[in-house]
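Biologist: I would like to learn how to read a model of this kind, feature by feature. Could we start with how strands are paired, and go on from there?

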Amino acid sequence: MKLASFLCMLFLITTLNAQEIVKKNYPAKNLNDLNISIDGDFNEEVWETAVWENQFIQHEPIEGNPPFQQSEFAVLYDENNIYVAIKSLDTSPDSISMRMTRRDVTDGDLVGIMFDTYHDMRTAFAFIVSAAGVKSDFVMSNDGENEDNTWDPIWFVKTSLADYGWNAEMRIPLTQLRFEEGDEQLWGMQVLRFIFRKEELSSWQPMQREKSGFVSQFGTMDGIKNIKPKNNLDIMPYVVARTDRFKQVENNPFLESGKKDNFDIGFDAKIGLTNYLTLDLTVNPDFGQVEADPSEVNLSTYETFFEEKRPFFIEGKNILTYKLNFGDGDLAYDGLFYSRRIGRRPNYYPDLNSGEYADIPDATRILGAAKITGKTKSGWSIGVLESVTAEEKAEIKGIGNGRTQSVEPLTNYFIGRLQKDYNEGNTYLGGMFTAVNRNIDDSHMEYLHKSAYSGGIDLVHKWNDKKWQLDFSSYFSHVTGATEAITRTQKSFTRGFQRPDADYMTLDTSRTSLTGQGGKLTLWEFDGNQKFLLAFSWKSPGLELNDVGYLQAPDDIMQVFWTGYRFYKPFLIFREANLNLNQWVSMDFGGNIKVIGGNINAGSQLKNFWRVFGSFNLSGNQLFNSALRGGPALKIPGYKNINLGFNSNQQKKLTPNFSTGHYISNEKNFRRNTRYNFGIGYRPMKTLNINISPGISKYSDQLQYVTQRDHQNETRYIFAHIDRKTLNMSLRINYNITPDLSIQYWGQPFIATGKYNNFKYITDSKADNLSDRYHLFDSNQISYNSGDETWNIDEDRDNSTDYSFGKPDFNIKELISNLVVRWEYQPGSTLFLVWTQNRSGYSGEGSFDFSRDFQGIFDENPYNIFLVKLSYRLGR
């Protein structure tokens, strides 16, 4: 009897588990030459003949439970379009959240449909709409690991309220989808609904959160017969009128008028080459409507990574991505392609004679760019980008008839990416190649690489129902140029071939090329609540990617172990929670350990919809190879770092948030960093959202690099104690009048100060005791000359200056602001009205005084830019 009961129970459990993974199928129906008006009301009789499906299942927060409110949907088609109707049933229609936002930043109640038209179980096209009628659309790749929300197809949707809830009615032209011609289509499909007041996500096809992959868990849709792929053709010419207004400067021929006017034209195009491949073109592009980068002061040896915001380069960016590392954070930025290199600020600043003034372009003009992206039915993902930037010249006036000088050579950029799916999307093999070629005719530009090439292969294999994943990549770089360029590359701060303690590297000033390589190997386990990662990566000293890629630092070998536990179901006061543990070791190619560290972090959403998070980092002594900018590696003490924060319930009109971080060195008073970031959002009505985010940080360091000087055939690496204070505040106002008409303002006042004292030079950079690593100048060795603002050093105390350096203290004040009115007056056609104002000031006063410095921002002279941009879509 007991055995029989056990077998019955086992059978029941097995049956239930089997039901959880059964794939649903939806049969789409043909319109049969009937018409549908997209009005959100489903009044046409043809909707009554469609197959209406419901039985949605909760995905979050309690997977597998019935949803708070049920949903229904139907799909129809004709030879040109897919039609989707979604009914969001709601017993309390007054509680439906209808927040107006701009496109791709949806808020409130949402519904959406996703199509895996390739049925490769890796790629999907998503069409989402809010109850307020705001669109969001994106392409998912790598089985949901990547989302590209810069994809903006032309499709049509209307929403409406009903006594039973709310409706969404969509028309998606087939020109916006990629699929294979055939007698009958079989697509992957998923329909989702998000109820904002409950933060509940429900789905038509049940999915498992603990299982790896997203697209591979879709249901299917069949019944679509005898449709043909349709290649889209969109051409969008544009005109731009711009005027700059600024303070007149006497005797400066470029600023004495106080204004500049400019008129420009160009066009963008999107052309379907095949039913799988799309060609994007831009000729003489203008990005005047793009928000400026935030202010910063960078005193490190690492280049700051800035997010790409230009539409041409961000659309389809995932297919041109080749990451060098794993995980997120700073490591995630390294890659073979960093699109901000194209059209960057010119590299060279001209040498000016007394009485001369220069007009230098803010950015290198992009003459044109072309991009081919897509994925074939056979599993080939293809991405190719070609761009040419102009030779830029500075115009110099003030003496005689004036002159010009090249500040950036004519440059060609090429990026190519291929990837092939195998084994039903469980294995993919790919490769990437990049090339930069510069036309360098001027000797003063020979410090730049004449050519730069990079490439790599990558392999990902998943097995055991995608529970395990192996990820391998190997890449190279090769740069060529004059000896000046290659010597400069070898001696760069982050590479340091000239370092006297780097016996595994040799500086060769006769070289005209340099080659490097790197790679990574990771093993993941995704299944269940507990997950882990074991990873290794390496980057050789000769690796150089920064002509068209992004590389923080070469000469690195790293090992990482990560494990995490996910609480998917609510318990105690938590709706969900996660706990993570990390460990890492980094060394250089000489086998010297640079750092050993670890981290524990946790995050959770509470049942009151607040989110809390925190982390604790611990590191031992570090070896900083680039600290002396070409000198020997510097040993610095380890540290402890704690971060805490919360985000409040986003359903409320008033939404405060807060985070803080505290960095404390293991050596008393060596280094300390404290930051506080506040934020408050206010939504007084559905169409208006105001966010204010002030932040302040205080940083002190006993060993801040200042400069280098030669003394008695030795190099003096000058350091000092620094006290830094930074204050910034971001104000963002979004007034979304309709889904197609918005007014957006962003402004950031910024103050940064740095005060240096206790100057010293490095004596033994790796001594066991911190105080033995440097010599502190005493009052008889250092003196300050206020007349020319220099510090004079008399090392041997013979009343004669041995060397000197400028006062490094700084006080930087900036205001960046941007006001944009955007009106999409018809699908794909847009009018922009833009006002940008910048104010900036600099002084050698290193102290911080909030009242003085904040007022000082507005005492600086403004630089105003007024711009009108009109584009018009010609297409089908």
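Biologist: Which residue is the bridge partner of Ser783 in strand 43?

Modeller: Strands of a sheet pair through backbone hydrogen bonds, in a parallel or an antiparallel way. In this predicted model, whose local features need pLDDT of at least 70 and whose side-chain atom pairs count only at pLDDT 80 or more, while totals for chains, interfaces and linings use all residues, the partner of Ser783 in strand 43 is Asn792. Residues are numbered from 1 along each chain as its sequence is written, and side-chain values use heavy atoms, with hydrogens and water left out. Helices (H or I, at least four residues) and strands (E, at least two) are DSSP runs, numbered from the N terminus, and two strands pair if DSSP finds at least two bridges between them. Strand 42 and strand 43 (residues 790-793) are joined by four bridges and run antiparallel.

Biologist: In what order do the strands of that sheet stand?

Modeller: The open sheet is formed by three strands in the order 42-43-44, with antiparallel pairing. Strand 42 (782-785) and strand 44 (803-806) are at the edges and have a single partner strand each, so one side of each is left without a neighbour in the sheet. On average, neighbouring strands of this sheet are turned by 25° against each other, with direction ignored; the axes behind such an angle are lines fitted to C-alpha atoms, for helices over the stretch in contact, and angles run from 0 to 180 degrees between N-to-C directions.

Biologist: Which strands does strand 15 pair with?

Modeller: Strand 15 is joined to strand 16 by 13 bridges, and the two run antiparallel; within this pair, Ile235 has Ala269 of strand 16 as its bridge partner. Strand 15 also pairs with strand 47 (residues 863-871) in the antiparallel sense, over eight bridges, and there Ala241 is partnered by Val868. Two bridges join strand 15 to strand 48 (residues 874-875), again antiparallel, with Asp234 opposite Gly875.

Biologist: Is Lys375 buried or exposed?

Modeller: The classes rest on relative accessible area: buried means under 20%, exposed over 50%, and partly exposed in between, with a 1.4 Å probe and protein chains only. Lys375, which belongs to strand 19 (residues 366-375), has a relative accessible area of 5% and is therefore buried. Its side chain makes a polar contact with the side chain of Asp120 at 2.3 Å; such a contact is a pair of N or O atoms within 3.5 Å, where within protein one must be able to donate a hydrogen and the other to accept it, and residues adjacent in sequence count only if both atoms are side-chain atoms. Counting contact as heavy atoms within 4.5 Å, and leaving aside neighbours within four places in sequence, Lys375 touches residues including Tyr118, Asp120, Arg122 and Asp421.

Biologist: What surrounds Ile113?

Modeller: Ile113 sits in strand 6 and is buried, with a relative accessible area of 0%. Apart from residues up to four places away in sequence, the residues that Ile113 touches include Val75, Phe125, Phe127, Met170 and Ile172. Met170 is 57 residues from Ile113 along the chain, yet their C-alpha atoms are separated by 9.8 Å.

Biologist: How many helices and strands does the protein chain have?

Modeller: The protein chain has five helices and 48 strands. Of its 876 residues, 51% are buried.
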